[in-house]
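Keep the sequence and the 3D view open as you read.

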Amino acid sequence: MVVTVLLFIIGLILLIKGGDWFVDGATGIAQRFHIPEILIGATVVSIGTTLPEVMVSATSALGGHGEIAYGNAIGSIICNTAFIAALTIAIRPAPVQRFTLRTPVMFFFVSAAFYMYTAYIDGYFSRVTGIILLGIFLIYMILTVIQMTRDPEHPDLAPDGTAISNEEEIAEETRSTGKNLFLLVLGAALIAIGANLLVDNGILIAEALGVPESVIALTFVALGTSLPELVTAVTSLLKGHGSLSIGNVIGANLFNLVLVSGVSTALAPFKVPESSVIAGHNASLVLEIPVMLAVMLILTGPAMFKGRLYRAQGILLLCIYAGFCVLQFAMSA
């Protein structure tokens, strides 16, 4: 059991470091070829921080563990919103630019509506569903690139989402293409290895503790694969760019719905898992998906209508996350 837990932790570390190096390598290559930094922040960084979820869910689905693939996507959204974003807001609430959030927020709730239709009406995530979700992801990326190239007001962004300085730009320019490619490939390899360790040993831990796989996915695995977003949020917060971390979280949440779920479902379709019930109904349908929507509404509502975030939001979201985790383990006891 000790070895299993150790390998689980090693898997988390490899996922985090692999995602970090992947983003560094991709960013370096983009800068060498003079791709605008804002495009890197809007695409590579968000995708890079979501890669752990993609690898874990895809590996789980291919291994016949749809519960982890399904639970990891929903759990990561809840964790990103009610823990990572909430922590940022509770410590340092800040004004936000509504127009920068409009597109990802709109795409998230449209995607969530389709996701809910699939879960509640069909009860089965088919390969066609996965392809549609990936199509939504592609459309979002195209629109984002078009929007950013037409908007000269935004400063260039560094990999952590902060404005890049001339010194940082020069440093990136001097890094060799070979080193960037090495970081890119090494990061991808570490993510793949880490995902395998995380999934395999997460399943063993779940079996040893008698905890359903979906609960492990909704809590430990979701938190572990969300650590890149947490690092980005903390870094942005320390540099006084709290609103940037919120934007990254919302973008990562969208990617969890359309990219993570899309890849895993397209590779290996699965039914909506039913590991526990509440009042005779599937807990996923009466608790997990509603909580996912509720925390996103609490996060984005004031941002979209008032143009700012409030400390009370962060505290409320943290309380919801704590209650959600406690309830998950109580139901599995």
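Helix α1 (residues 2–32) is the biggest giver to the nonpolar patch, with three residues. Helices here are DSSP runs of H or I with at least four residues, strands are runs of E with at least two, and both are numbered from the N terminus. The patch sits on the surface and is formed by Met1, Val5, Ile9, Ile13 and Leu209, which together have about 460 Å² of accessible area. To join a patch like this, a residue needs over 30% relative accessible area and no salt bridge, and nonpolar side chains (Val, Leu, Ile, Met, Phe, Trp, Tyr) are linked within 5 Å. A salt bridge means a side-chain nitrogen of Lys or Arg within 4 Å of a carboxyl oxygen of Asp or Glu. Accessible areas come from the Shrake-Rupley method with a 1.4 Å probe, and for residues only the protein chains shown count as cover.

Take Ile9, which belongs to helix α1. Its relative accessibility is 40%, so Ile9 counts as partly exposed. The cut-offs are under 20% relative accessible area for buried, over 50% for exposed, and partly exposed in between (1.4 Å probe, protein chains only).

A quick word on where this comes from: the model is predicted, so local features need pLDDT of at least 70 and side-chain atom pairs count only at pLDDT 80 or more, while totals for chains, interfaces and linings use all residues. Residues are numbered from 1 along each chain as its sequence is written, and side-chain values use heavy atoms, leaving out hydrogens and water.

Now zoom out. The protein chain has 12 helices and four strands. Of its 333 residues, 54% count as buried. Its accessible surface comes to about 13800 Å², and 70% of that belongs to carbon and sulfur atoms.

What about the inside? The largest nonpolar core has 56 residues, and Tyr70, Leu257, Met292 and Leu299 have the most contacts inside it. A nonpolar core is a set of buried Ala, Val, Leu, Ile, Met, Phe, Trp, Tyr and Cys residues joined through side-chain atoms within 4.5 Å. Helix α3 gives the most to this core, with 12 residues. Apart from it lies another core, of 13 residues, among them Phe8, Val56, Leu198 and Val199.

| Residue | Touches |
|---|---|
| Ala119 | Phe125, Val272, Leu285 and Ile289 |
| Thr300 | Val105, Phe109 and Ile250 |

Ala119 is in helix α4 and is buried, with a relative accessible area of 4%. Ala119 and Ile289 are 170 residues apart in sequence, yet 9.2 Å apart in space, C-alpha to C-alpha. Thr300 sits in helix α11, and its 4% relative accessibility makes it buried.

How do helix lengths work out? Helix α7 (residues 177–209) has 33 residues, which should span 48 Å at 1.5 Å a residue, and its end C-alpha atoms are 47 Å apart, so the two agree. The expected span is 1.5 Å times one less than the number of residues. α4 has 25 residues and reaches 35 Å from first C-alpha to last, close to the expected 36 Å. After α7 comes Gly210, with a positive phi near 75 degrees, and after α4 comes Gly123, with a positive phi near 70 degrees.

Terms used
Patch = residues over 30% accessible without salt bridge, like charges linked within 9 Å, V, L, I, M, F, W, Y side chains within 5 Å. Contact = heavy atoms within 4.5 Å. Lists of a residue's contacts leave out its neighbours within four places in sequence.
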